[in-house]
Amino acid sequence: LDHNEETLRVAGVRQTLQRFHQEEQPFYILELEDLEGVLNVFVTPEQRQYYRRLLSGYAPLLVEGVMDLAHISGEPVLRMEKCWSLNS
């Protein structure tokens, strides 16, 4: 992907939201599926709490953030900044 450091908006449906730890710091990975595949979205604990209702449902979402490469896997990941429901 050549979108590193760009702010993007991606629409999709939540598949999973899993909690992980790195250097004793918790974080979440949201798997967001669209017509082209699944994108991993990095979510902080504070964002998970703030967007809890949206992230626990299956309504289509619009997620805004910056593309980055995951430190461990080197795979593209979207670092979430904002999130909206597409049903409202």
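Student: Is Glu 64 buried or exposed?
Tutor: This is a predicted model, where local features need pLDDT of at least 70, side-chain atom pairs count only at pLDDT 80 or more, and totals for chains, interfaces and linings use all residues. Residues are numbered from 1 along each chain as its sequence is written, and side-chain values use heavy atoms, with hydrogens and water left out. Buried means under 20% relative accessible area, exposed over 50%, and partly exposed in between (1.4 Å probe, protein chains only). Glu 64 has 9% relative accessibility, so Glu 64 counts as buried.

Student: Which residue forms a salt bridge with Glu 64?
Tutor: A salt bridge puts a side-chain nitrogen of Lys or Arg within 4 Å of a carboxyl oxygen of Asp or Glu. Here the closest N and O atoms are 2.6 Å apart. The partner of Glu 64 is Arg 9.

Student: How many residues apart in sequence are the parts that Glu 64 and Arg 9 tie together?
Tutor: Strands (E, at least two residues) are DSSP runs, numbered from the N terminus. Glu 64 lies in strand β4 (residues 61–69), and Arg 9 lies in strand β1 (residues 7–22). So the pair ties together parts separated in sequence by 55 residues.

Student: Is Arg 9 buried or exposed?
Tutor: Look at the relative accessible area of Arg 9, which is 54%. With that value, Arg 9 is exposed.

Student: Which residue meets Asp 68 in a salt bridge?
Tutor: The N to O distance is 2.9 Å. The side chain that meets Asp 68 belongs to Arg 79.

Student: In which strand does Arg 79 lie?
Tutor: Asp 68 lies in strand β4. Arg 79 lies in residues 76–85, which is strand β5.

Key: Helix = DSSP H or I, 4+ residues; strand = E, 2+ residues; numbered from the N terminus.
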